[in-house]
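Student: I have a structure open and would like to go through it. Can we start with the pockets?

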Amino acid sequence: GDGRRAGPRVAAHVHDGDTVLLDGGTTCAALARHLGSRADLHVVTNNLLAVMTLANAPGVHLTLIGGDLRNSSMSTLGPLAELSLSRLSVDKAFLGADGVVAGFGLCEASAQQAYLKDCIIRRAAQVIVLADADKLGRSRQQHWTPLERDWRLITSSVADEACLAPFRALQRVVVETADLENAPLAATPREAAVRGTGVARD
């Protein structure tokens, strides 16, 4: 489907005046492209792609979480990132993941990535996980972030009901489908900044 319609649907969870956290990865970077026209929005992020997109948005106050750079996702993690998060709280955290498994949580490639997501979850009033259909039930890695709280799963509308059923069976999870987008990792900062100002119209 046409991904451009869905960004606004995910972005509908973000309201003017909110403080939101955008996690690393391309799905959260794509969400950033729909937030540039907002007023009085505070975005906290470890996602350098999101920073490039929102850097010149007049109504967005941007807080960058520093730390060690993971260049495969253009995001930060590690002790400095964890320390920064311990000094902040957010209304909503949007999280990506390598895999999402009902009853287990988020699956990650490293203990550091899993622990950073744990830090984020502890600082967020609401947790919203953005995961493509192919990530549902996927547990290729050995590092986990448990989701032992209320949370919302937003996944692609192509996800079949058999994949969604384990999540729907959990009382603490709200399942929503939308056409999720992924921002290209390869965009130059200039392109990302220009695109960010152009398309962010809800």
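Student: How much space lies in the largest pocket?

Tutor: This is a predicted model. In it, the largest pocket holds about 430 Å³ of space.

Student: Which residues lie nearest its centre?

Tutor: Gly24, Gly25, Arg70, Ser73 and Asp98, out of 23 residues that line the largest pocket.

Student: And which elements give two or more residues to that lining?

Tutor: Helix H2 (26-32), strand E5 (75-77) and H5 do.

Student: How does the lining of the largest pocket divide by class?

Tutor: There are 12 polar residues, 6 charged and 5 nonpolar.

Student: What about the second largest pocket, how much space is in there?

Tutor: About 160 Å³. The second largest pocket has 14 lining residues, and Gly103, Leu147, Glu148, Trp151 and Leu170 are the ones nearest its centre.

Student: And the classes for that one?

Tutor: The lining of the second largest pocket has 8 nonpolar residues, 3 polar and 3 charged.

Student: Back to H5. Where is it in the chain, and what length does it reach?

Tutor: Helix H5 covers residues 111-122, which is 12 residues. From first C-alpha to last it reaches 17 Å, close to the 16 Å expected at 1.5 Å a residue.

Student: Which residues of H5 are buried?

Tutor: Gln113, Ala114, Leu116, Lys117, Asp118, Cys119, Ile120 and Ile121.

Student: New topic: aspartate 23. Where does it lie?

Tutor: Aspartate 23 is in the loop between strand E1 (19-22) and H2.

Student: Is aspartate 23 buried or exposed, and why call it that?

Tutor: Aspartate 23 counts as buried because its relative accessible area is 3%, and the cut-off for buried is under 20%.

Student: What is aspartate 23 in contact with, leaving aside neighbours within four places in sequence?

Tutor: Its contacts are Cys28, Asn46, Asn47, Phe94, Leu95, Gly96, Lys117 and Ile120. Lys117 and Ile120 are among the buried residues of H5.

Student: Now the whole chain. How many helices and strands are there?

Tutor: The chain has 7 helices and 12 strands.

Student: What share of the residues is buried?

Tutor: Of the 202 residues in the chain, 51% are buried.

Definitions and conventions: Residues numbered from 1 in each chain as written. Predicted model: local features only at pLDDT ≥ 70, side-chain atom pairs only at ≥ 80, totals over all residues. Heavy atoms only, no water. Helix = DSSP H or I, 4+ residues; strand = E, 2+ residues; numbered from the N terminus. Expected span 1.5 Å × (residues − 1). Buried < 20%, exposed > 50% of the residue type's maximum accessible area, 1.4 Å probe, protein only. 1 Å grid on protein atoms, 1.4 Å probe; cavity = no way out; pocket = protein on both sides within 12 Å on 5 of 7 lines; lining within 4 Å. Points joined across faces, edges and corners; volume = space filled by probe spheres on them. Nonpolar A, V, L, I, M, F, W, Y, C, P; charged D, E, K, R; others polar. Contact = heavy atoms within 4.5 Å.
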